[in-house]
Amino acid sequence: MATAASDAELDRLYVAHIADLERRYAAVLEAQAWDAVVLHSGSLIKRSAFDDQYWPLRPVPHWQHWVALAEPDCALIVRSGHRPKLLLPATRSFWEKPAPPPSLAFLEVFDVVRLNDPTKVRDYLGPGRVAFVGDDRERAASWGVDASALWPGLLATALDELRVEKSPYEIACLVEANRRARAGHEALRSAFRERDVSELDLHLLYLGATAQDDWETPYKNIVALGENAATLHHVAYGRRSEAREAASLLVDAGAACRGYGADVTRTWVKGRGAAASAFAHLVAEVEAMQGRLAAAVVPGLSYEDLHDESHRQAAAILRDVGILRGSVDEAVARGVTRALYPHGLGHSLGLQTHDVGCALRQARPGNAFLRNTRDIAVNQVFTIEPGLYFIEDLLAPLRAGPDAALVDWNTVDALTPLGGVRIEDDILVTGGDDPIRNLTREHLPTGGGPA
């Protein structure tokens, strides 16, 4: 297994990351005739209009690209030929204290100014055309930014493009995020194997095992027992544990490091009887397919072509386990696989779970939910996450339609109480003799299967 980078090593990589960002931002600003850009960390958002509670801050990702600091109303001014200026509010609410930053390395690379009045940011913007990157129009106005400079479309697209290929610092953060996620997945697999436990208990166990609060996770943990695994983003956790002859657990959960998040899914099954045995076979086949698809990744390949290949392999699995009666080509052409595998093969990964920059082309008809249509390139990071599910709302039209005879509905009905299966790893494209690095398998070598 790979070893994690130390905080000192991450800080060293961070300094190089910032130097590279300065060069790349300068090129973008010059190409688009901007003199500077001010990045806003974000504003606190009320949970409700009826009280004074706020959601924890989810920083603007373009801000996090520069600094791992989750404090509201901070500003970073990037101007070509000048050291970036970090403006931090000096005042603090006595109601709450922000979490300490994961590192203070930003003190080495920015000029840091503490401001008692956040509107004073306007005094540091400097001359010329200054763009604002953030989502708070009122804050931008208080800083004196012209409305025409708020989140300019061409500039936003260019800055998103800078996040597609990851720097060594970003890769190290993603590696560490995967390492942290391992403890949670191993804890849940053990708990599921050893006793009957509720979804809520499993969710809380995951948070404890990964030492993160709910708001710190890259996304809301998906913890689904049995038929709930057929809800792709199941987060309405059941409160009861229930003994069953055959039981399944799908866990889609990650962890974060300096704003970068892992996204890992595993599916396990336990119990006895024909349904448990057939579902274990299905999980094993999806696991093997996921490995083949990851191994097929090479620079220059269209990610959408890989997605289409996953449907051909899914059809072969469905035929092998006895769900599909027709041929592989017929099942794909007639959309049968899309009723059981409705989502895309994966998505780009980074500061956002569904990261930017990889859906620039319109997906082909039938691939409506594919989030990555880019050609694969070195230093991209994305997920490979095929899945097969028994979702009644999608199966009902197939069951009642002209292609119903292509499916063995007795087998479908027997497996429906187990919900579905998804296996997901985070992949770095390296090129060379070994074109990929599986960041997840370095730390969590076991995939789905018997608990």
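Modeller: An axis here is a line fitted to C-alpha atoms, for a helix over the stretch in contact, and an angle runs from 0 to 180 degrees between N-to-C directions. The model is a predicted one. In these terms, helix α1 (residues 7-31) packs against helix α6 (residues 168-194) at an angle of about 145°, and their axes lie 8 Å apart. On the side of α1 the contact is made by L10, L13, Y14 and H17, and on the side of α6 by P168, Y169, E170, A172 and C173.

Three strands form an open sheet in the order β11-β14-β15, with antiparallel pairing. Strands β11 (381-384) and β15 (436-438) stand at its edges; each has a single partner strand, so one side of each is left without a neighbour in the sheet. Direction ignored, neighbouring strands of this sheet are turned by 35° against each other on average. Strand β14 (residues 425-429) is joined to β15 by 3 bridges, the two running antiparallel. Within that pairing, L428 has R437 of β15 as its bridge partner. Helix α8 (residues 274-295) packs on this sheet and touches β11, β14 and β15, while its direction makes about 150° with that of β11.

To one partner, strand β6 (residues 222-225), β7 is paired in the antiparallel sense over 4 bridges, and V223 stands opposite V251 in β7. To another, strand β10 (residues 264-271), β7 is also paired in the antiparallel sense, here over 8 bridges; the bridge partner of A246 in β10 is G271. In a regular strand, side chains alternate between the two faces of the sheet. In β7, A246, S248, L250 and D252 point one way, whereas A247, L249, V251 and A253 point the other way, and all are buried. With burial taken as under 20% relative accessible area, 8 of the 8 residues of β7 are buried, so the strand is largely enclosed by the rest of the structure.

Finally, there is open space to consider. The second largest pocket has a volume of about 420 Å³ and is lined by 22 residues, among which L232, H233, H343, H354 and R371 lie nearest its centre. Its lining divides into 8 nonpolar, 7 polar and 7 charged residues.

Terms used:
Residues numbered from 1 in each chain as written. Predicted model: local features only at pLDDT ≥ 70, side-chain atom pairs only at ≥ 80, totals over all residues. Heavy atoms only, no water. Pairing = 2+ DSSP bridges. Contact = heavy atoms within 4.5 Å. 1 Å grid on protein atoms, 1.4 Å probe; cavity = no way out; pocket = protein on both sides within 12 Å on 5 of 7 lines; lining within 4 Å. Points joined across faces, edges and corners; volume = space filled by probe spheres on them. Nonpolar A, V, L, I, M, F, W, Y, C, P; charged D, E, K, R; others polar. Buried < 20%, exposed > 50% of the residue type's maximum accessible area, 1.4 Å probe, protein only.
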